[in-house]
Amino acid sequence: MTSFKNFAPILSENVPLARLTSMRVGGPVRFLFEPRSQAELASLLDVLRRNNILVRVIGAGSNVVAGDDGFPGAVIRLAGDFAHLSFEGPAVTAGAAVPLPRFVRESAERGLSGAEGLVGIPGTLGGALVMNAGGRWGEICRLVRAARVMTLQGGVTDVAPEKLAFGYRHSTLVGSVVLSAVFQLQQSDRQAVEAATRSFLDKKRATQDLGAASAGCIFKNPPGGLSAGALIDRAGLKGVQVGGAKVSPLHANFLVNTGSASAKDVLDLARLVRSRVLETSGVDLEFEVQLW
Ligand code: EPU
């Protein structure tokens, strides 16, 4: 068996994925590593690679539905140096572990405009970049000037945004570890930025279950036509429950864990939703969340 004795300070074993994800479901991950620096991450990836251990990277776990069987490999959650956030005029350098809500708040406090529409999104900047988080009020890709990434082989590169092929909840960063990124905001006025941020948050609060245990929107919006939320709503599914998982009465594309859900409950409910929407509207919804 592999010895991780050099990594003891950053290793926890058999941690329930329910504790690492906002949906709060999922069985144990065999190894959870929380590297605090680029050097620590590089040597960790080296050991994991040499031992053929499967690796996944997690941020705030807000777009992941983890299975009840857990994950037999290693999950990496960046910590320490990776939570560094610094401002230089309208340019912001942020480690991948910085929570997106902190980035939005601290930018607004400095009167920096650009990130207002990302309020209410719960991820880390690393996760937000990998999946190009956002919605109708803006996607994070519009703010990125450069991203520094480490491949699972340990190489570090600075990647220009045009190489990242940002799309709808997509980028080429999938499969590598985002270390940090530089964002470009615009200097504006603190009151105006804070007011805009509050107004976006009010709108989101009125239509989304932001406080509930969930993974946000569970299905992608199909191209053209009605949104996934509207289709699920029209199929009469708001409030429908399987075990401890429920279709949010507020936004039908949110499946919420009422407290006791297993991953099976969530996935059974998702399957039910998918088949009812297919029956009622002929649209086959695709998962937007990552299934682990
Ligand atoms: N709608 C309903 N019933 C519902 C929910 C929505 O009829 O239960 C209708 C709304 O009235 C509206 C339309 O569907 O006419 C679109 O709804 P909404 O404005 O809430 O936006 P959305 O397309 O459902 C997207 C993103 C969200 C993001 C919001 C706001 C996807 C799948 N969802 O939602 O992202 O927060 O726009 O920008 O792209 C996420 O990624 O986890 C997420 C929540």
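Visitor: How many salt bridges does the rule find across the interface of domain 1 and domain 3?

Guide: The count is 0. Keep in mind that this is a predicted model. To score, a side-chain nitrogen of Lys or Arg would have to sit within 4 Å of a carboxyl oxygen of Asp or Glu, and across this interface the rule finds 0 such cases.

Visitor: What are the bounds of domain 1 and domain 3?

Guide: Domain 1 is 10-77 and domain 3 is 211-281, with domain 2 (82-192) also assigned. Between the C-alpha centres of domain 1 and domain 3 there are 27 Å.

Visitor: What makes this a contact, and how many residues does it take from domain 1 and from domain 3?

Guide: Heavy atoms within 4.5 Å make a contact, and here 11 residues of domain 1 and 13 residues of domain 3 take part.

Visitor: What area is buried between domain 1 and domain 3?

Guide: About 840 Å², with 62% of it from carbon and sulfur atoms. On the domain 1 side, Met 23, Val 65 and Asp 68 supply 55% of the area buried against domain 3, more than any other three residues.

Visitor: How many residue pairs are in polar contact there?

Guide: The rule finds 6 residue pairs across the interface of domain 1 and domain 3, both partners at pLDDT 80 or more. As for the side of domain 1 that touches domain 3, its residues split into 5 nonpolar, 4 polar and 2 charged.

Technical notes: Residues are numbered from 1 along each chain as its sequence is written. This is a predicted model: local features need pLDDT of at least 70, side-chain atom pairs count only at pLDDT 80 or more; totals for chains, interfaces and linings use all residues. Side-chain values use heavy atoms; hydrogens and water are left out. Domain bounds come from an automatic or database domain assignment. Buried area is the accessible area (1.4 Å probe) that two parts lose on being put together, summed over both. A polar contact is a pair of N or O atoms within 3.5 Å; within protein, one must be able to donate a hydrogen and the other to accept it, and residues adjacent in sequence count only if both atoms are side-chain atoms. Ala, Val, Leu, Ile, Met, Phe, Trp, Tyr, Cys and Pro count as nonpolar, Asp, Glu, Lys and Arg as charged, and the others, Gly among them, as polar.
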